[in-house]
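Dear colleague,

Please find the structure we spoke of below, followed by some notes on what was found in it.

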Amino acid sequence: MSKIIAKYPSNIALVKYWGKYGYQLPCNPSISLTLKNASTTVELEKKAKTKEGIELDYFFEGIANESFKNRMVDYIGKQPEFEQLFKEFAILINSENTFPHSAGIASSASAFAAISGALLKASGYNQPDFNEVASNLARKGSGSACRSYFGPYALWGELDGVARSNNEYAVPLEDIHTNFQSMCDTILIVEDQPKKVSSSVGHGLMKDHPYAAARFVDAKKHCNEMLSTLKSGDFNQFISITEREALSLHAMMMTSGDYYLLMKSGTIQIIEQLIEYRKETDLPICFTLDAGPNVHLLYPKSIEEKANEFIKAIQDQTKSILYDEAGFGGEIRSECNK
Ligand code: PMV
């Protein structure tokens, strides 16, 4: 029987998705940079069924992972697209990440992109809109995963004036200025322990957040501004939108009913040093944050050497550093077993 191998990257949002409704639909549009090095590879094999219902064996880096398996079984059971596949076969999935488990990087984006892609292919779907259908399925597993199919930039969510933009699946952004075509994302790991509050809890807290309505309007405005910035090549605009978005995301966490903080003192120290460094050098380098304490440094490849000077100067304040850059989405293929 054939084996399916799917390799899909993670992505980092420039304009953040925070707050959802219905079945994992976003309350505001978001724009992300697709990564190249941080990825998940999934190997999927079809086996003979031994009993009724969904049969899944799930291994993460060679070890059976029951909790993720349960999350997957729940997800699979809700997708009619996978019904026939699981009626006919038991499925074995082996999954591996290129980034260390404890690096503080959210792995659900690359994992759900790879798993949904692999399951869709195993179901025999082969139409030209494969990525859109897979993106829609991945979105239901982990919202941000839907953006990992397209690169270097993807938009998820309805936005006036952008053809095909919608809440169900992501679309690639076109007409990207050369200034933004080879961006680097260097991830400064200040904390590698699992975070205390998950993103799903954070999204949930937007439901009766006092600033939710204003946040959703602001994020939409930032998407429109980011779109024109990516076309015009204006670094100052890029920096201003990206940093404001990162801080808005964390401001939402800090001002929700059950308020919480994910930034650490090390996060703030590095941000302040970066702003100072940018003032001194006038270099186009900025930060963004995920729902966590680690700092993502974004800059064009053309200033890599200079950026490394800054990174070297602050490396003692980090637990580790991951070097990544803009990528173009995933790869998927079938291999015949002997
Ligand atoms: O995809 P989720 O449910 O893990 O949420 C992701 C939320 C952020 O990473 C903070 C923002 C984003 O748009 O990716």
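A polar contact here is a pair of N or O atoms within 3.5 Å; within protein, one atom must be able to donate a hydrogen and the other to accept it, and residues adjacent in sequence count only if both atoms are side-chain atoms. This is a predicted model, in which local features need pLDDT of at least 70 and side-chain atom pairs count only at pLDDT 80 or more, while totals for chains, interfaces and linings use all residues. Residues are numbered from 1 along each chain as its sequence is written, and side-chain values use heavy atoms, with hydrogens and water left out.

To begin with the ligand, an N or O atom in the side chain of Ser142 is 3.3 Å from one of the ligand's oxygen atoms. For Ser144, a polar side-chain atom lies 2.7 Å from a ligand oxygen, and for Asp290 the distance from a side-chain N or O atom to an oxygen of the ligand is 2.8 Å. There are 13 residues around the ligand (a heavy atom within 4 Å of it), and those that come nearest are Tyr17, Ser144, Arg147, His203 and Asp290.

Helices (H or I, at least four residues) and strands (E, at least two) are DSSP runs, numbered from the N terminus, and two strands pair if DSSP finds at least two bridges between them. An open sheet of 4 strands, paired antiparallel, has the order 11-12-10-13. Strand 11 (286-289) and strand 13 (320-325) each have a single partner strand, so one side of each is left without a neighbour in the sheet. Strand 10 (residues 183-189) and strand 12 (residues 295-300) run antiparallel and are joined by 6 bridges, and Met183 has Pro300 in strand 12 as its bridge partner.

Helix 9 (residues 304-314) has as its buried residues Ala307, Phe310, Ile311 and Ile314 (buried means under 20% relative accessible area, exposed over 50%, partly exposed in between, with a 1.4 Å probe and protein chains only). Seen down the helix axis, these buried residues fall within an arc of 100°, so they line one face of helix 9; the arc is that of the directions from the helix axis to the C-beta atoms. The face turned away from the buried side of helix 9 carries the exposed residues Glu305, Lys312 and Ala313.

Lastly, Leu155 is found in strand 8 (residues 153-156), and it counts as buried because its relative accessibility is 0%. Leu155 and Ser30 are 125 residues apart in sequence, yet 5.8 Å apart in space, C-alpha to C-alpha.
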